[in-house]
Amino acid sequence: MAGSGGSLSRSGLRGREAELEELRTLIASVARTGSGALILIRGEPGIGKTTLLLEAVATARTAGFSTGLGKADELHHIVPLSSLAACVLHGDEPLLSGDTFADLARHHDRRIWLVERLAEAIEARAGSVPVLIALDDVQWADPLSLFALKQLPARLRTSPVLWMLTGRQGPEGPAEEIVAAARDELPAVTVPLGPLSGAAIGQLAGDTLGTAVDERVRELLDGAGGNPFLAVEMLTGLRTADASGESVPPALVVGVRGRLRSLQPGTLRFLQMGAVLGRTFGFEDAAALYGQPSATLIDALEEVVRAGLLDDDGDHLVFRHDLLRQAVYVDIPPSARKALHRQAAHHLVATGHQPIDAVSHILRSAQPGDEEAVALLRRAADDVLPVTPGLAADLMTRALELVPATRPLRFEVGEQAIVSLTRAGRNREALSTGDRLLAGRPPLDAFGRLQAALGGTLWNLDLSEELRRRAETALAVGGAAPEVEARLTALRALALSRSHDLKAAREAGENALRAAIAIGDREAHVLSLFGLGEIALNAGENAVAVERFTALSAVDSAFLPEEIVAYQHLDDYESGERLLLRAADGAGSSREAMLLWAQAQQHLGRGRLDDAEADFVTMERLEDDVQVPVQQVNARVIRSRLALLRGDREAARQHLAAARERLAAKPNPGNTAAVRFLEAVVAEDDGDIGLAVDKIRQVQQEAPFMRWRLLRTWVDCAIRMALRGADQGLAEDLAAQAEAHAERNPDVSTATGVAAQALGLLKNDLALLERSVELLGASPRPLVRAAACADLGQALLAAGRKPQAVAALTDARAAFLASGAHAAAARVQRALKGAGAGGRRTASRQRPVQGWEALTASEKKIARLIAEGHTNRSAADLLVVSPHTVNTHLTSVFRKLSVNSRVQLTHVVMAVHDD
């Protein structure tokens, strides 16, 4: 804590010896262990958080840490990355150069990508020295910085990176969210700062006044309540007041007034201009707001710095404490404050600042009907929508509130608000906003625009029938602009992709595509191609789906994951691999979670279960990070099946419970069918074949395309359940849909092979089962081949053809083992043993839970690379995987090896190599 006379160089630490020692211990621990930690210093304003933080930063710097120190600002709390920028751009050795940071900012439409790049920069520095990143007043951090702070500590937990935050005492807020996100991953400590003791306050008073403290001063200090900042301000005000013979009441504002009375009037006015601009402000900006040339205010600047009110770091002026700024600010008449904030907004925009930089000022002066404020809010929302859609939604909601219901502008602003709310995942709010606007009887062109804007909202809410109805109504009403009509036509086709009449849907989609191309509207073009791709998938026409999604990703590369998965349905995993490599070489995807879904499906299809599992885990984490749960139900269904294939029944049931929980949040037909199928699989594993068959019947009751779309490669499992449950009709229905799928995809060996397998199981036809294995010999899916070989082996045993049966079962067992499906391999092994051939080869043991041998092949590769000094990024580049997947593997490695840092991991790897 510092005061006006420079006599408080250590006084701010009075009474904080225990807390400082705790911080020093944690700093030493991070340096010693090489692993990360997080500290939150909490307390009321003025309690000494900043002083303690600065002392800790100085201690870390002396200990050899590379340090970055930043401060969040109340008036800049919505500017993306403004809070973290100071942490990484300033200091003796900045973590990032200004150019590098600017390059990151240009990619702010990819939040996950941006956070990973920040992590890589910090990780690279931490490879040579421990790092401390400190952020003061985290309660005012901007949304993107908060997003990063929730990810980065856990992401960098294996590196010597110490995160130190300060936050105000109060209801749970951003600081608590950051700690909660990190708590399970690394040491996270909260250091509460309470009021100073009477003895410490007495020492503080002596430091400030330089004389013994008398009874009058002690009575005055009782009003500070143990708050060191308030005490110092009262004492400093007292010292100023004593010099003038005035009395000073024991209150902060009055205490600060006592200090301000000694300033020249022009200096005080300059200080007030700074208080309007924020705790940190530019000299020229304050001069402009004052309306005076900068040169005429140099004396004023020197005076406030001498008075201990401002610090001058060469780039900015900073109030010594935010409470000082607030005390100066509240002395400005309210009407003047509003006018000055409006003037500040004008100045910032006129001097080239981004609209978002001026939003905090415009919000403090905006009134209903203020179209200038609405225009600025719209521009700012448009700028931040890609990086912080939640903030954009808040800005547009406020803009909409400012537009009177009678003004036509309300519908235009409302359209933008709907889009922002939808992008933010606030679909229910977007729908209610749209419906309120539609109830206001908008003009025909606005009616069409609002309905088109609600299209994405309704699709996200799985209200396809409502989407179709609204699109058709808007088209029938007419009056929409050509591009809006094209979008409505495309939305109608997309809605029809979920209908029973896919022929009509396809025709609607073709018409929409022609209209989009003729109009030249990109949004309509994307919507129509996406709809046609969905229609093709739902019709089982995989080659057509590839054609549509290839065209779509050419128009919008964000849809590359759909193209990759479409190729996988054609058994063209080589093209899938090529596209995944192309994605890895690019600058990152705006839909990284979906790209991981495609990567996981690639691994799954190729029988690489461990790698598929890692990608599904990573995908779910990224979807949680951005709060857009698209594939979480399906991922949990697949992970549950993988667990059963491995023999982990407990994990399978945990994944089923998680899938049910996520289904409640997104209960669309596809998710419902997937969970019902998983319930059937688990019920069969429990021996309840009646329940299993009932669940399969429920799957069949969903829309026709959901049946085979879900059971594309799992239909054999469903047929076995039906046959075991003596439900011949259900088995026939399942086999028929497999055959229909094969007829639509005659060149896809998996489709034709599975259809032959299904019919062979249904008819107990040995020739069909042999044909199935023959067809699947050309399939790139080893687990599908293994299941067909197992079925054939069982049938051959029943037919008394033991040598051929043993050969088929041995092939099945080998394929299951190669994929890590130990439980499936064990079942085949039992069949071999029953045939008298079980002694030839014993089932390989499953991996242990802990230790080096518990690691998967990919985990071992990554562990060795990290031990060699690679960062997550360089390891990912070598293995051609996502850095996020590397992070998932490393999390598993550290858990299985019981280590907490890269240094400890290196020791383990070296010991393994020595052995």
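**Close-up views of the predicted model**

**Figure 1. I133 stands opposite W163 in β4.** The structure shown is a predicted model, in which local features need pLDDT of at least 70, side-chain atom pairs count only at pLDDT 80 or more, and totals for chains, interfaces and linings use all residues. Residues are numbered from 1 along each chain as its sequence is written, and side-chain values use heavy atoms, with hydrogens and water left out. Five bridges link β3 and β4 in the parallel sense; two strands count as paired if DSSP finds at least two bridges between them. Helices (H or I, at least four residues) and strands (E, at least two) are DSSP runs, numbered from the N terminus.

**Figure 2. Strand β1 is joined to both β4 and β5.** Residues 37-43 make up β1, which is connected to β5 by five bridges in a parallel arrangement. In β5, P192 is the bridge partner of R42. Towards β4, β1 is held by seven bridges, again running parallel, and L165 in β4 stands opposite L40. Seven of the eight residues of β4 are buried (under 20% relative accessible area, against over 50% for exposed and in between for partly exposed; 1.4 Å probe, protein chains only), so this strand is largely enclosed by the rest of the structure.

**Figure 3. Five strands form an open sheet with parallel pairing.** The strand order is β2-β3-β4-β1-β5. Because β2 (66-71) and β5 (188-192) stand at the edges with a single partner strand each, one side of each is left without a neighbour in the sheet. From one strand to the next, the twist averages 15 degrees. Helix α2 (residues 49-62) lies across β1, β2, β3 (131-136) and β4 (161-168) and runs at about 165 degrees to β3. Such angles run from 0 to 180 degrees between N-to-C directions, the axes being lines fitted to C-alpha atoms, for helices over the stretch in contact.

**Figure 4. F530 and F559 form a tilted aromatic pair.** Rings of Phe, Tyr and Trp (its six-membered ring) pair if their centres lie within 6.5 Å; planes under 30 degrees apart count as stacked, over 60 as edge-to-face and the rest as tilted. Eight aromatic pairs are found by this rule. For F530 and F559, the ring centres are 5.7 Å apart and the planes stand at 45 degrees, so the pair is tilted. F530 belongs to helix α26 (residues 522-538) and F559 to the loop between α27 (542-555) and α28 (560-569), so the pair ties together parts that are 29 residues apart in sequence. F530 and F559 are both buried. R591 lies over the face of F559, 5.1 Å from the ring centre; a charge sits over a ring if NZ of Lys or CZ of Arg is within 6 Å of the ring centre and within 35 degrees of the ring normal.

**Figure 5. Further aromatic sites include the ring of W714, with the charged end of R641 over it.** The charged end of R641 is 5.0 Å from the centre of the W714 ring. One aromatic cluster is formed by F270, F281, F283 and F319.

**Figure 6. The protein has 47 helices and eight strands.** Of its 915 residues, 57% are buried. Among contacts (heavy atoms within 4.5 Å) between residues at least 6 apart in sequence, 67% join residues at least 24 apart. The mean pLDDT (the predictor's confidence in each residue, from 0 to 100) is 88, and 88% of the residues reach 70 or more. Residues 1-11 have pLDDT below 50, and this stretch has 29 contacts in the model beyond near neighbours in sequence. Residues 240-251 also have pLDDT below 50, with 16 contacts beyond near neighbours in sequence.
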